[in-house]
Every structure is written in structure tokens, then in C-alpha cells.
Amino acid sequence: MTRTASKKHAGTVSSAGSAEAAARPAPHPRAPRTPPAAGKVRRLPQRWRKAILTLHVTVAVGWVGIEIGQLILGLVGLTTDDAGVVRATRVVMEILGIELIAGFAWTTLLTGLLLAAATQWGLLKHWWIVTKLVITVALMLNGHFFLQHWLREQAEVGKAPESLSLQLVIVMSIALGLLVTATALSIYKPWGKTRRVRRRPAAGGPVDHREAPSTLAA
């Protein structure tokens, strides 16, 4: 009698456990980790992005400062009659324009390329970035092929012609204006996206000629 009751009790417990197990929701299967879509930009971690952005802004401002310093020295050399002052301004202009500015320019270019390519901005997606790239490369080429030669000539010649000094002042004024323009482009970000981006087909879909909304980051 006792054994029969025990079997019945065991059967009841087993049935209750089975019912509870059946009522319990099955564990949700973990979704497989999908690789990033083709063409999707791998963004920089935020701390690295901020560090590179800080470096980029610092050297870009330093480049502008060097151009301002060179322009002031050039104007002083043009307006003074003191031969010693003229000689000193030309030597300092040579040091700034050859020894110092190249490092600032290259660092500005490389950090700018990294920030554009490794963020959602993209290197060739927006007209203001393309314009900044063209300005930076043009200024670097002008400095390498022309400005450095003129600065050496001005510093080495005992009495360089005034026309050369005036030419340097004009070139430096244009360079300063272009750098200020590049700075303004970084702030205002005009002109929207390039045609290359607007015509890019969506993944797995037909070509869409409309401009997709963009996510912006500073």
C-alpha cells in the first residue's frame, strides 16, 4: 500500500516537472555575429579620434601661425631701411619656411586624411573635404617647388631684389588666405555630398540617384 502511494506521488511529481519544463520558454538562440557589410567604414574609437583631432587642430593652427609670422617678417623687411633688420627677417623667414613649416604641413595632411577616411565623413564623400584636400596639397607643392627656393635665394643673396621680397609677401598672403578658407570649410561644411556618393547603389538594391541622409560628427 505504501509502495503504491509512493509510486503515485513520484508519478505526480514527474508529471508536474514535465509540465513546468514544457511551459518554460525555450532559450532564445544567440544570433550569429555577422561581419561588417562590404564598404562599411571601420570607425576610430572615440578616444583615438579625439586625440588625432586634437593633434590635427593643433598643427593646423600652428601652420596658420607660421604663415602669419612669415607675412609679418616679409612686410617688416619691405618697409624698413635698416640692413641688419632686413637680413634678420630674411634669415628667420627661411628657418620658418623650410625647417619648420614642412613638419606642420605633413602632420596636418596625414591627420586630416586619417580623420576623413576612418570616420563616417569619408575621404571623397563631401565637397568641403575634397576642397580642403586640394588646398592642402596645393600649398605643400607650392612650398616644396617654389617657396623654399625663393626663401633660400632671398636669405643667401647679399642684397636680394625688392621684387623678390614683394613676390614672397604676395605668395604668403595668398597661402594665408587659403588656410583661413580651409579653416572656414571645417566649420561651415558647405556644398553637401559629391555626385560619386549620391550615385552609389545601396547594398543589394538598385541605384538610387537621391542623396541619402548623412550622420554627422564633429
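**Helix packing and a nonpolar surface patch**

In this predicted model, the axes of helix α4 (residues 127-156) and helix α5 (residues 162-188) come within 10 Å and cross at roughly 160°. Helices here are DSSP runs (H or I, at least four residues), numbered from the N terminus. Axes are lines fitted to C-alpha atoms over the stretch in contact, and angles run from 0 to 180 degrees between N-to-C directions. Helices α4 and α5 are therefore roughly antiparallel (over 145 degrees). Their crossing is left-handed: the near helix is turned anticlockwise from the far one by less than a right angle. The α4-α5 contact comprises 15 nonpolar, seven polar and two charged residues. Ala, Val, Leu, Ile, Met, Phe, Trp, Tyr, Cys and Pro count as nonpolar, Asp, Glu, Lys and Arg as charged, and the others, Gly among them, as polar.

Residues are numbered from 1 along each chain as its sequence is written. Local features need pLDDT of at least 70, side-chain atom pairs count only at pLDDT 80 or more, totals for chains, interfaces and linings use all residues, and side-chain values use heavy atoms, with hydrogens and water left out.

Helix α2 (residues 46-79) pairs with helix α3 (residues 83-117): their axes come within 8 Å and cross at roughly 155°. Helices α2 and α3 are therefore roughly antiparallel to each other. Again the crossing is left-handed. Their contact holds 20 nonpolar, eleven polar and two charged residues.

Helix α2 also packs with α4, at an angle of about 40° and with the axes 14 Å apart. The crossing of α2 and α4 is left-handed.

A nonpolar patch lies on the surface. Ile68, Ile72, Val76 and Val85 form this patch, with about 280 Å² of accessible area together. Such patches take residues with over 30% relative accessible area and no salt bridge, and join nonpolar side chains (Val, Leu, Ile, Met, Phe, Trp, Tyr) within 5 Å. Areas come from the Shrake-Rupley method with a 1.4 Å probe. A salt bridge is a side-chain nitrogen of Lys or Arg within 4 Å of a carboxyl oxygen of Asp or Glu. Helix α2 gives the most to the patch, with three residues. Val76 lies in α2.

Conventions:
Helices (H or I, at least four residues) and strands (E, at least two) are DSSP runs, numbered from the N terminus. Angles under 35 degrees count as roughly parallel, over 145 as roughly antiparallel, 65 to 115 as roughly perpendicular and the rest as oblique. Patches are made of residues with over 30% relative accessible area and no salt bridge: like charges are joined within 9 Å, nonpolar side chains (Val, Leu, Ile, Met, Phe, Trp, Tyr) within 5 Å.
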